[in-house]
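Here are my notes on the model below. Please keep the fold and the ligand shell in view while reading.

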Amino acid sequence: MASKGSSLLSPHLVKLLDADGYHKVKANNGHYYYISRMAMRHTNWLKTFCFISFLSILAWGCFFQGFPLYPGLYFGCSSAAWKKAVLSSAARQEGGQLTVLVTGAAGFVGSHVSLALKSRGDGVVGLDNFNDYYPVALKRARAANLQKAGIFIVEADLNDRVVLSKLFDRVRFTHVLHLAAQAGVRYAVKNPLAYVHSNVGGFVTLLEQCKNSKPQPAIVYASSSSVYGLNSKVPFSEDDRTDHPASLYAATKKADEVLAHTYNHIYGLSITALRFFTVYGPWGRPDMAYFSFTRNIVDGQPIKIFQGPHGEELARDFTFIDDVVKGCVASLDTALPSTGSEGKKRKKAQFRIFNLGNTQPVKVGDFVSILEKHLKKKAKRNVIPMPATGDVMFTHANVTKAQVALGYNPSTDLDTGLGIFVKWYKSYYKHGGEHEGMLKGYKPY
Ligand SMILES: O=C(O)[C@H]1O[C@H](OP(=O)(O)OP(=O)(O)OC[C@H]2O[C@@H](n3ccc(=O)[nH]c3=O)[C@H](O)[C@@H]2O)[C@H](O)[C@@H](O)[C@H]1O
């Protein structure tokens with residue numbers, strides 16, 4: 001198709017060739033080449049084909065392989081500024097013993113534990129995808145608190161293997177506190193795949209990264225009281241069966257527990273699962289009843305109180321955030337190191353499961369009465385049959401194991417805890433907290 005020419009060709013011949021449908025092209029070496037117009041057209045088609053193929057591979061990678069989910073971030077996480085921010089956040093201060101990656105650091109529990117760790121000198125790096133399941137403004141406000149304390153949050157999805165691997169290349173994490181998840185029991189009927197994406201896919205992506213690391217970090221992660229599902233024996237103990245989940249949310253948390261066991265068994269990852277019982281408190285989750293009921297009572301809107309099929313009241317073992325933070329920190333402190341390295345197990349590793357509850361279940365109606373007392377306002381109660389969206393009738397934790405192993409001793413009763421929450425709520429929304437848009441257009445059930 002292309003014929004090599006030379007500057008020695010006579011102008012007459014060049015003219016002839018042009019007329020015959022050839023392009024004259026000068027190469028870097030000074031030689032001229034004559035390429036037929038047909039070949040040029042083919043070359044252009046080839047370029048277009050290659051470009052479209054490149055875009056298709058990129059799109060395929062983004063949507064199915066979790067590879068660079070946010071191209072901006074992907075490139076951003078190679079920048080010098082990014083590396084500096086990560087390293088400075090991970091640096092331990094005086095008294096600090098651990099270097100912890102906290103996933104879900106802009107979340108409710110994640111933000112509290114991150115601050116607690118940082119305040120005692122541990123190195124803390126956060127990871128959060130700032131999804132809009134509930135108002136992002138609240139997550140940003142929590143993140144601003146962390147930033148003030150010197151904690152950098154990597155903004156990425158857990159499924160983003162590229163970002164995770166860059167992060168672990170930079171920092172030798174001694175521990176991972178994995179709290180990122182798609183939360184909420186009832187929203188799972190609306191958006192089941194969000195739970196599979198974060199709680200199953202994201203968890204496995206993280207475990208893969210941890211198992212391949214050298215050294216492997218010890219992992220402490222959030223399970224849930226919901227794994228007890230339809231069990232009727234109370235209080236719930238860690239040795240009870242957990243194979244009757246009542247919601248898809250619970251099923252994904254149960255899946256996490258069995259997945260964690262597999263990684264512990266095959267790769268020697270040290271793993272601790274914490275079964276949280278309806279955690280509440282300042283900087284909490286607007287989708288949860290204590291928060292949304294408060295908002296409705298303040299606004300003079302009715303609240304819906306669910307009741308069982310025979311008119312029974314539901315009850316929860318509401319647990320105050322400060323107690324849960326202590327449980328998380330003690331779990332990190334007592335976690336033994338993982339025994340494997342770069343995907344190879346050396347010996348048996350620690351595997352633990354703990355309930356972190358309050359041990360004092362309260363009926364939802366009584367919990368509303370306590371809120372009314374602190375808000376000095378009556379709720380407009382609308383008692384309705386429990387919708388078929390995955391709720392269980394009651395939860396009640398036995399925390400003996402956590403008491404023995406972690407020194408866990410919940411000390412905040414619901415009255416005290418809700419008083420602290422209401423004080424925070426009033427102050428936050430009085431001082432410019434984003435009230436507008438709070439759960440706007442969002443109906444979890
Ligand atoms: O322990 C957990 O593992 C879970 O705790 C939390 O789930 P739940 O215990 O369901 O909390 P939450 O929604 O505050 O409802 C509290 C009570 O109010 C009742 N409830 C709720 C809403 C409503 O409109 N009416 C109502 O009666 C409702 O029936 C219930 O009896 C977390 O959201 C979840 O992510 C997970 O961490």
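In what order do the 7 strands of the open sheet stand?

1. The order is β6-β5-β4-β7-β8-β9-β14, with parallel pairing. Strands pair if DSSP finds at least two bridges between them. Strands (E, at least two residues) and helices (H or I, at least four) are DSSP runs, numbered from the N terminus. β6 (152-155) and β14 (351-356) each have a single partner strand, so one side of each lacks a neighbour in the sheet. Direction ignored, neighbouring strands are turned by 20° against each other on average. Axes are lines fitted to C-alpha atoms, for helices over the stretch in contact; angles run from 0 to 180 degrees between N-to-C directions.

2. Note the basis. This is a predicted model: local features need pLDDT of at least 70, side-chain atom pairs count only at pLDDT 80 or more, and totals for chains, interfaces and linings use all residues. Residues are numbered from 1 along each chain as its sequence is written.

3. Strand β5 (residues 123-128) runs parallel to β6 and is joined to it by 4 bridges. L127 stands opposite V154 in β6. Helix α4 (residues 80-90) lies across β4 (99-103), β5 and β6, at about 130° to β5. Contact here means C-beta atoms, placed from the backbone, within 7 Å.

4. Now β7 (residues 175-178). Both of its faces are covered. H175 and L177 on one side are buried, as are V176 and H178 on the other. Buried means 20 or more other C-beta atoms within 10 Å of the residue's own, with C-beta atoms placed from the backbone. β7 pairs with β4 in the parallel sense over 4 bridges, and V100 has H175 as its bridge partner. Another 4 bridges join β7 to β8 (residues 218-224), again parallel. There, L177 stands opposite V220.

5. Which residues are closest to the ligand? They are S224, S225, M288, A289 and F306, in a shell of 19. α10 (289-299) and β11 (302-307) are the elements giving two or more residues. β11 gives the largest share, 3 residues. The shell divides into 11 nonpolar, 5 polar and 3 charged residues. Ala, Val, Leu, Ile, Met, Phe, Trp, Tyr, Cys and Pro count as nonpolar; Asp, Glu, Lys and Arg as charged; the others, Gly among them, as polar.

Methods:
Contact = placed C-beta atoms within 7 Å. Near = placed C-beta within 6 Å. Buried ≥ 20, exposed ≤ 12 C-beta atoms within 10 Å, placed from the backbone.
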